[in-house]
Amino acid sequence: AACREGGGAMAAGSERPGPAALAMLGTALGAPSCPHGPALLFVKTSQGKEEGRRFYACSACRDRKDCNFFQWEDEKVSETRLAAREEYNRNHQPSFTHRQNVDRYKNFVLLPLAKRRFCQECQQLLLPAEWEEHSDHQFLCDITTAQLKSPSQLLYPLENKKTNAQYLFADRSCQFLLNLLINLGFRRVLSVGTPRLHEMIQSKASQEEDFSVRSLLLDIDFRYSQFYTEDEFCHYNMFNHHFFGGEAARETCRKFLYEENGERVIMVTDPPFGGLVEALASSFKKLMAMWRETEKEGHDNKEMPMFWIFPYFFESRILDFFPSFSMMDYQVDYDNHALYKHGKTGRRQSPVRIFTNLTPSMIVLPEEEGYRFCTVCQRYVSSGNQHCEICNSCTSKDGRRWKHCVLCKKCVKPSWFHCSNCNCCTLQKHSCEKADLGCFVCGKAGHKRSACPSLSHT
């Protein structure tokens, strides 16, 4: 996830960067924009060199086919090209504004059931006057109130893994998360890219008078604006902290965080697994900073409570940016993902976990699903995660029982064996790495490209 290939339309004669190690430098003042908001600044690095040429690329799309924006940082862009870019960005905005969609929804719910149609091709609620222009499209008819309250099941999931993969929580995981949040005393949930959790909260709030939890959904999928008001949904890009609704949407988020002086609010986020961890962490820190601006004393040195739902193999990257976080053993599963399902065994188990800055002992996991409390680690772990006396920790990451390697001085996966050539544990059938293979960025031995001091310095 640390590597990214720049893409985009460029002026004639410009040189594209070839496949190489790329590092993200973040957002920059005055950065050019594409339809997904301000572009991110990257640098291409070649082996043995500290830094290459810098360029801007789309923050949300890692594939040129999805968004071909590209611009060298030192490139002079003509007025003609700037005008063409602005027009392109305007033409790639949604057909309706959020306010128009809210008004359309009010008219839609007043229609009798027989006149409620949803265009599957345009992914749009249709009013009777619009039927004719969609006459050759596939419809869903007789849209019920229950369907309107569950838009994530009405809309097609966007399944581009690198851009905005919508793998939606299974009911089991969604219900567990909501129960956990209620038991921990949270009353407001900033749902960043978690539409199914948001709609479960919204649905319960509309059905149960004593249900006191509220949610604000921040998501890049503008289709949700058809079903939620401006106080319930903000069109948001979590890769560059961009509110498409401008200052009004930012203020909506700020007010939501400020209620009760910032108390009893938690951020829950489920980003696309192909996204850049650096970009995500930068945006989440900005949301935390927004929360810290509340009038509550003592927030300056605290972090807003957070659940970051992500695969366990990103643990070291997440801890680089949030050292206070720890990983829970709970396996999050998804409805529309072939592999990320609960109940599978061995390597087929879901690798998705909850990373949080809350005290681990507070996160109670269901014993009926095979979790137990480790009194030494003071946290709930999966039944197969046995405490290692040497590491003094429950070391398994994937639900299987891991074994301790004396030579590596740590626990490793049960299928791994110590290779004397590589001087580490790895799969039995593997190609031994050359001992003199250096870092791709600086050429020095002893570390990988992702941990290169040169990149950290940059």
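These legends accompany several close-up views of a predicted model.

The model is a prediction in which local features need pLDDT of at least 70 and side-chain atom pairs count only at pLDDT 80 or more, while totals for chains, interfaces and linings use all residues. Residues are numbered from 1 along each chain as its sequence is written, and side-chain values use heavy atoms, with hydrogens and water left out.

**View 1. The protein chain as a whole.** The protein chain holds 10 helices and 25 strands, where helices (H or I, at least four residues) and strands (E, at least two) are DSSP runs numbered from the N terminus. Of its 458 residues, 49% are buried, a term that stands for under 20% relative accessible area, with exposed meaning over 50% and partly exposed lying in between (1.4 Å probe, protein chains only). The protein chain exposes about 22,900 Å², and carbon and sulfur atoms supply 49% of that area; accessible areas come from the Shrake-Rupley method with a 1.4 Å probe, and for residues only the protein chains shown count as cover. Among contacts with a separation of 6 or more, 58% are between residues 24 or more positions apart, a contact being heavy atoms within 4.5 Å.

**View 2. The open sheet of S8, S7 and S9.** Three strands make up an open sheet in the order S8-S7-S9, with antiparallel pairing; two strands pair if DSSP finds at least two bridges between them. Strand S8 (124–126) and strand S9 (139–141) each have a single partner strand and stand at the edges, so one side of each is left without a neighbour in the sheet. From one strand to the next, the twist averages 30°. Strand S7 (residues 117–119) is joined to S9 by three bridges in the antiparallel sense, and in this pairing phenylalanine 118 stands opposite leucine 140 in S9. Glutamine 123 counts as buried because its relative accessibility is 9%.

**View 3. Helix H2 across the sheet, with arginine 104.** Helix H2 (residues 98–109) lies across S7 and S8 and runs at about 50° to S8; axes are lines fitted to C-alpha atoms, for helices over the stretch in contact, and angles run from 0 to 180 degrees between N-to-C directions. Arginine 104 is found in helix H2 and, at 11% relative accessibility, counts as buried. When residues up to four places away in sequence are not counted, arginine 104 touches Phe96, Gln124, Leu125, Leu126, Leu127 and Glu130.

**View 4. The packing of helices H5 and H6.** Helix H5 (residues 171–183) and helix H6 (residues 195–207) pack at an angle of about 65°, and their axes are 10 Å apart. At this contact, Cys174, Gln175, Leu177, Leu178 and Leu181 in H5 meet Arg196, Leu197, Met200, Ile201 and Lys204 in H6.

View 5. Ala249, Thr252, Cys253, Arg254, Phe256 and Leu257 are the buried residues of H7. These buried residues pack against strand S10 (188–192), strand S11 (214–219), strand S12 (233–237), strand S13 (242–243), strand S14 (265–269) and helix H8 (277–292). Glutamate 260, in the loop between H7 and S14, takes a positive phi of about 55° just after H7. At 41% relative accessibility, glutamate 260 counts as partly exposed.

View 6. Leucine 276 lies in the loop between S14 and H8, and its relative accessibility of 3% makes it count as buried. The C-alpha atoms of leucine 276 and serine 59 are separated by 9.0 Å, although these residues are 217 residues apart along the chain.

**View 7. The hairpin of S18 and S19.** Strand S18 (residues 371–374) and strand S19 (residues 379–382) run antiparallel and are joined by four bridges. Within this pairing, cysteine 374 stands opposite arginine 379 in S19. The two strands form a hairpin with four residues between them, and in the turn glutamine 378 has a positive phi of about 55°.
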